[in-house]
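This briefing is for a reader who is new to the structure shown below. Please keep the sequence and the model in view while reading.

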Amino acid sequence: MLNLILTEFLKLRRRKFVWLMLLAALFMPLISIFYFGGSSAAEIDPLQFYKWAAFSYTPWIILPFVLGLLCTMLAYDENQNELLKQLWIIPVSRMGYFFSKFAIVLFYSVCFMLLAAFGSIFAGVISGLIVFTAESVAFLLIKCLEIGFLAPFAMLPVLAVAVSQRGYLLPVCCTVVYTFLGFILMMVAMYAHPLSSMTAILMRNIPGVVLNEPVNLAKVFFCIGIWGFASVVGTNIMLSKESRGI
Amino acid sequence: MEPLIIETRQLTKVYGEQTVVNKVNLHVRKGRIYGLLGRNGAGKTTVMKMILGLTSITSGEVDLFGQKLGGNEKRIYPRIGAIIETPGFYPNLTGTENLEIFAKLRGTAKPDAVKEVLAVVGLPYQDKKLFSQYSLGMKQRLGIANAILHDPELLILDEPTNGLDPIGIAEVRNFIRNLCVEWEKTVLISSHILSEVTLLADDIGILHNGVLLEENSLAELQKKNSKYILLQVSDTAKAALVLENRFHVTDYSVQDLHTLQLYDTTLDMAEVNKTLMTENISVISSQRCNDTLEDYFKKVTGGEGIA
């Protein structure tokens, strides 16, 4: 498995777009500077700033969309260039193949959110909008790691679609629909969609955030778990069919 | 006799209502080169895919190294190197980087295995050219390098000389021959080019419309190339009577009203011609003929022939 993950990293050589997508983590911190631009450090609570810079559209829309694109890119070459046949006769197990991709998405997601966290701190402190407090920074880092770790699990259905398809159109379309559906369902049916459930976990203890109902962690993890399990089973079936030319 | 490395029994593949491989019984012996010969669409690739477990088998069985593949993948696959259809690699990586990935996945023990195989196929080591910039011939060479990277006992090569220039074809041919002679590898190779297979293979299987029409050693097939005398006369019935009565010829066939084939090539044709003339039978022509392998293949494939 370690070899599979290492080779996944090797495959990313010269994939500039993969690394360029990380810059999207700095989008909301920059927007926050303009949003809070007229205020002074005395008026803005650092957590209020971080809520905007790191806990709003970044985990709801930007991160899922970027991870969806990453999933598509990770699977595209192998599906398109007849590489799977060569992998199966090494032999590489279908699930090993799937989870090595997942490991990359997990690593990328954590890096993305850490970059978002550091971007938020720098954007706030350097622009003079907030003061640096250890307590708020620790909260920000913990929350960012929480999002970075949970988002890939919530994105398992998109990864499943990406590795089971030859082209990129369906996975990209799925990413867009899946992401916006997660955003829309957040306030109406948060236990139906993994991304809504992930947001519920994130929002449950952020000061100043009021949710329609108290977050039921069991339901939230059940939702992410059941979708993730279905994705893994579905991928196994699809890859077995593909590898056997059915 | 050498043990069988690949054995298929009644191997059949049906897509919808179309039977693309029909009850194929293939026998590939250890240390020999088996050439699977057939026209495009004959079912060669499908047979190879079924052998490798890359496509499902509708009915029939495959034994590799005397075992079923199902459940033994981890033991059997490391003993096989294969190219099926166009070799696929990561387009954003160089040839060396691509092979390093496969070496890592296979856990290839030799530290300089990648360098060695690239030298064998004539590609530069640590070249900066990306796979996406490779010519078809270079891609094919890299595919062969990947197939032999882990020093497998059995090579399954689907049209490995596709896209190679004549010198490249000769190099690959010599290289495959060396693998078999010096390293005792077993090779199953497919091709639609008759000359290619006859220059390389020890055993030949002729696949046509999914049916294995013939399986034999090259030597045996060459023996089947019949020599005969083609005789064109004014009246075959009269001529046949003369040949039987005067020359005691029994091994002949009447092709049509004016053509006879005599299989006894020791006959004194001058004497035969003279006798037929004296019996008022006009001899239009008489010539010694020798069927080539191509003629033979045309015959077994129903006259369509193989390039």
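This is a predicted model: local features need pLDDT of at least 70, side-chain atom pairs count only at pLDDT 80 or more; totals for chains, interfaces and linings use all residues.

Of the contacts in chain B with a separation of 6 or more, what percentage comes from residues 24 or more positions apart? The answer is 70%.

**Overall form of chain B**

- Chain B contains 15 strands and 11 helices.
- Its radius of gyration is 25 Å, well over the 19 Å that the globule rule gives for 307 residues, so chain B is more spread out than a compact globule.
- Along the principal axes, the C-alpha atoms of chain B fill a box of roughly 80 × 40 × 35 Å.
- Buried residues make up 38% of the 307 residues of chain B.

**Domains of chain B**

- The domain assignment divides chain B into domain 1, covering 4–223, and domain 2, covering 227–290.
- A distance of 48 Å separates the C-alpha centres of domain 1 of chain B and domain 2 of chain B.

**Contact between the chains**

- On the side of chain B, 24 residues are in contact with 23 residues of chain A.
- Helix 2 (73–76), strand 7 and helix 3 of chain B are the elements that each give two or more residues to the side touching chain A.
- Helix 3 of chain B supplies the largest share of that side, with 5 residues.
- Sorted by class, the side of chain B that touches chain A has 12 nonpolar, 7 charged and 5 polar residues.

**Strand pairing around strand 5 of chain B**

- Strand 1 (residues 4–15) of chain B runs antiparallel to strand 5 of chain B, and 5 bridges join the two.
- Within this pairing, Arg9(B) has Glu61(B) in strand 5 of chain B as its bridge partner.
- Strand 5 of chain B is also joined to strand 6 of chain B, by 2 bridges, and these strands run antiparallel.
- Here the bridge partner of Asp63(B) is Lys68(B), which belongs to strand 6 of chain B.
- Strand 5 and strand 6 of chain B form a hairpin with 2 residues between the strands.

**Backbone details**

- Most residues other than glycine have a negative phi, and most peptide bonds are trans.
- Phe65(B) is not a glycine, yet has a positive phi of about 55°.
- With 19 other C-beta atoms within 10 Å, Phe65(B) counts as partly exposed.
- Glu85(B), also a residue other than glycine, has a positive phi near 55°.
- The loop that holds Glu85(B) lies between strand 7 (80–83) and helix 3 (95–106) of chain B.
- Glu85(B) has 15 other C-beta atoms within 10 Å and is partly exposed.
- In chain A, the peptide bond from Ile90(A) to Pro91(A) is cis, and its omega is near 5°.
- Pro91(A) is located in the loop between helix 6 (83–88) and helix 7 (94–126) of chain A.

Key
Residues are numbered from 1 along each chain as its sequence is written. Chains are lettered from A and ligands numbered from 1 in the order in which they are written. Helices (H or I, at least four residues) and strands (E, at least two) are DSSP runs, numbered from the N terminus. The radius of gyration is taken over C-alpha atoms; the globule rule is 2.2 Å times the number of residues to the power 0.38. A residue is buried if 20 or more other C-beta atoms lie within 10 Å of its own, exposed if 12 or fewer, and partly exposed in between; C-beta atoms are placed from the backbone. Two residues are in contact if their C-beta atoms, placed from the backbone, lie within 7 Å. Ala, Val, Leu, Ile, Met, Phe, Trp, Tyr, Cys and Pro count as nonpolar, Asp, Glu, Lys and Arg as charged, and the others, Gly among them, as polar. Domain bounds come from an automatic or database domain assignment. Two strands pair if DSSP finds at least two bridges between them.
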